[in-house]
Amino acid sequence: MILLPFQLGGRFRVGARRPDGRLRPLADWQDNLILDAGLDMVATTNTYLDAVQAGTSGVAPTVEHTALLEPVAGTANRVSANSAASGFAPWRGQSQITYRFPTGAVTGLIRELAVAPGATPGSPAFSRVILRNAVGKPAGVAPLADEALEVEYELSIYAPPNDVSGTTNIDGTSHGYTARASLASTTMHWAPYDAASFGSSGQAAQASFSNTPGAHAVAYSGAIGSITSSPGGTAVNASGVGQQPYVPGSHERRVRLFWDLDVANFGGIRSLSLRMAPGSGAGGNSLGAYQVEFSPVAPKTSELGFFFDLGVAWGRA
């Protein structure tokens, strides 16, 4: 069993949309706290970025919080979204989503914000932030009655910066392995939100494995590539992907991959690749792509199927 790590980080920016269309800045980018409940949401839902909520509490967030403390309003109105992957270290994919409340729906002093699966004020939240001024002191923002509160949220997924190595047992024999991120500069593999269809519900990548192998799980005859590429050699898709149940609080998702007797018989499996994406794997969003190389190669013949357990583990950046 090999676990491949990634980290999540988010931040907010706030403005007020004036009647003439101009945006009045209220608060520049501020890091949020992804809640423990939010880390669970990564494995259990793909709607955790669907809405934003606003409240009045100035109490600092803790990981045990599950919602805003003094919620007053929420909206699922997403007016724009953009995704990109970095072309340099630290390797990450990021998605920015803009939410806009109706004009006059939020007035008075707003001190706390949350991104959440639902717009109902006080419903479970993915992350929470207390707004602060330029010198870091808690300070609210106050949209006017003729303004629409506008909130930008940016979620980043950070690829593991270093190789993960160790030993694993394959068919009773110890094999060394080296694991690293793959395709780290490719947006479709590392952006957590499908910006192409932001108006729809459930566009956040979920930590689950599609049962359709497709490009999700592939065996290779060659070595793994750089952090921005994939393994080389002959490539064969997995025959099946068996997802294991999620254990609440574990922030891990595990899967059993297998190749049938009649496939991947090219003299032994040297490398595997795995993509954390929903659907067929042809596009959209993803919680990363990963690659693993074995030494010596894993045995695979027409008389020997190949099963292997892989997983991902995530935490806060």
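1. Leu183 lies in the loop between strand E12 and helix H2 (187–190). Helices (H or I, at least four residues) and strands (E, at least two) are DSSP runs, numbered from the N terminus. Phi of Leu183 is near 55°, a positive value in a residue other than glycine. Asp171 also has phi near 55°, again positive and not in a glycine. Asp171 sits in the loop between strand E11 (164–170) and strand E12 (173–181). Is Asp171 buried or exposed? Asp171 is exposed, because its relative accessible area is 59%. The cut-offs are under 20% relative accessible area for buried, over 50% for exposed, and partly exposed in between (1.4 Å probe, protein chains only).

2. **Basis of the model.** This is a predicted model: local features need pLDDT of at least 70, side-chain atom pairs count only at pLDDT 80 or more, and totals for chains, interfaces and linings use all residues. Residues are numbered from 1 along each chain as its sequence is written, and side-chain values use heavy atoms, with hydrogens and water left out.

3. **Cis peptide bonds.** Check Ala89 and Pro90: a cis peptide bond joins them, with omega about -5°. Pro90 is in the loop between strand E6 (78–85) and strand E7 (92–100). The bond from Ser295 to Pro296 is cis too, with omega near 0°. Pro296 lies in strand E18 (residues 289–298).

4. **The largest pocket.** The largest pocket holds about 180 Å³ of space. A pocket here is an open set of points on a 1 Å grid over the protein atoms alone, where a 1.4 Å probe fits, with protein on both sides within 12 Å along at least five of seven lines; lining residues have an atom within 4 Å of a point. Grid points are joined across faces, edges and corners, and the volume is the space filled by probe spheres set on the points.

5. **What lines the pocket.** There are 14 lining residues, and the closest to the pocket centre are Leu8, Gly9, Gly10, Asp31 and Asn32. Strand E1 (2–17), strand E3 (33–34) and strand E10 (148–158) each give two or more residues to the lining. Which element gives the largest share? E1 does, with 4 residues. By class, the lining has 5 nonpolar, 4 polar and 5 charged residues. Ala, Val, Leu, Ile, Met, Phe, Trp, Tyr, Cys and Pro count as nonpolar; Asp, Glu, Lys and Arg are charged; the others, Gly among them, are polar.

6. **Aromatic pairs.** The count comes to 10 aromatic pairs. Phe12 and Tyr153 form a tilted pair, 4.7 Å centre to centre, with 55° between the planes. Rings of Phe, Tyr and Trp (its six-membered ring) pair if their centres lie within 6.5 Å; planes under 30 degrees apart count as stacked, over 60 as edge-to-face and the rest as tilted. The pair joins distant parts of the chain, with Phe12 in E1 and Tyr153 in E10, 141 residues apart. Phe12 is buried, at 1% relative accessible area. Tyr153 is buried as well, at 0%.

7. Trp259 and Phe306 make another tilted pair: 5.8 Å centre to centre, 45° between the planes. Trp259 is in strand E16 (residues 252–259) and Phe306 in strand E19 (residues 306–316), 47 residues apart. Both residues of this pair, Trp259 and Phe306, are buried. One aromatic cluster takes in Trp259, Phe294, Phe306 and Phe308.

8. **Helix H1.** Which residues of helix H1 (residues 36–44) are buried? They are Gly38, Leu39, Met41, Val42 and Ala43. These buried residues pack against E1, E3, E16 and E19.

9. **Arg11 over Trp29.** Arg11 lies over the face of Trp29, at 4.3 Å from the ring centre. The rule asks for NZ of Lys or CZ of Arg within 6 Å of the ring centre and within 35 degrees of the ring normal.

10. Leu23 is in strand E2 (residues 23–31). Leu23 counts as partly exposed because its relative accessibility is 37%. Leaving out residues up to four places away in sequence, Leu23 touches Gly15, Ala16, Arg17 and Glu150; contact means heavy atoms within 4.5 Å. Thr62 is in the loop between strand E4 (51–55) and strand E5 (71–75). Thr62 is partly exposed, at 32%. With the sequence limit of up to four places again applied, Thr62 touches Leu33 and Leu35.
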